[in-house]
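This briefing is intended for a reader meeting the structure for the first time. Please keep the sequence and the model in view while reading the points below.

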Amino acid sequence: MDIKDIQNLIKFVSKAEVSEVKYKTKDFEITIKTPLAGSDTVYAQPAVYHAAPQSAAPAPVAAQAAAPAEKAEAVSDDSKYVAIKSPMIGTFYRKPSPDKDVFVNVGDEVSAGKVVCVIEAMKLFNQIDSEISGKIVKILVDDATPVEYDQPLFLVDPS
């Protein structure tokens, strides 16, 4: 990611009026925080990761090996479920407006094409449809919080 891409991302985040966006790749991570009070101040904290040398001590490697084993147990419980993911960066809303009911709750049946939430991006409210049919098992995002591209929003049991 070059400086122009970073500047464009900062402009996008400030126009979208979100408080924080994290962008992470294998070699690069950037966090952009904006105050919600309306100020134009933007803070960027880039971090570049480098591979550890091959002659590293075995103790850290053992600690790293234990962490994925714990994650594997948690993932195995959710592996039978399919995630509905965010197609964009924006703010996640469970309701079409503050005075309306939520689109879906845990336990609700959804079919392909049913609206499950709204994501606001740059003052536009985009309805997000389910791509699969099944039962909502878990809602992974709190209402009115920022979401990233491809972030899981809901877990659905397709059976």
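In this predicted model, E109 stands opposite K135, a residue of strand 10. Strand 7 and strand 10 (residues 134-139) run antiparallel to each other and are joined over two bridges.

- Four strands make up an open sheet in the order 5-12-10-7, with antiparallel pairing.
- Strand 5 (82-85) and strand 7 (109-110) are the edge strands, and each of them pairs on one side only.
- Strands of a sheet pair through backbone hydrogen bonds, either parallel or antiparallel.

- R94 is located in the loop between strand 6 (90-93) and strand 7.
- Although R94 is buried, it has no salt bridge; D143, the nearest side chain of opposite charge, is 6.0 Å away.
- The side chain of R94 does make a polar contact, at 2.9 Å, with the side chain of N105.
- Leaving aside residues up to four places away in sequence, R94 touches V102, F103, V104, N105, I139 and D143.

**Aromatic pairs**
- The count of aromatic pairs comes to two.
- F92 and F154 form a tilted pair, with 5.9 Å centre to centre and 55 degrees between the planes.
- This pair links distant parts of the chain, as F92 is in strand 6 and F154 in strand 12 (residues 152-157), 62 residues apart.
- Both F92 and F154 are buried.
- Y93 and F125 also form a tilted pair, with 6.1 Å centre to centre and 40 degrees between the planes.
- Y93 lies in strand 6 and F125 in strand 9 (residues 124-129), so this pair ties together parts that are 32 residues apart in sequence.
- Y93 counts as partly exposed at 24% relative accessibility, whereas F125 is exposed, with a relative accessible area of 53%.

How values were computed. Residues are numbered from 1 along each chain as its sequence is written. This is a predicted model: local features need pLDDT of at least 70, side-chain atom pairs count only at pLDDT 80 or more; totals for chains, interfaces and linings use all residues. Side-chain values use heavy atoms; hydrogens and water are left out. Two strands pair if DSSP finds at least two bridges between them. Buried means under 20% relative accessible area, exposed over 50%, partly exposed in between (1.4 Å probe, protein chains only). Lys and Arg count as positive and Asp and Glu as negative; His and the chain ends are not counted. A salt bridge is a side-chain nitrogen of Lys or Arg within 4 Å of a carboxyl oxygen of Asp or Glu. A polar contact is a pair of N or O atoms within 3.5 Å; within protein, one must be able to donate a hydrogen and the other to accept it, and residues adjacent in sequence count only if both atoms are side-chain atoms. Contact means heavy atoms within 4.5 Å. Rings of Phe, Tyr and Trp (its six-membered ring) pair if their centres lie within 6.5 Å; planes under 30 degrees apart count as stacked, over 60 as edge-to-face and the rest as tilted.
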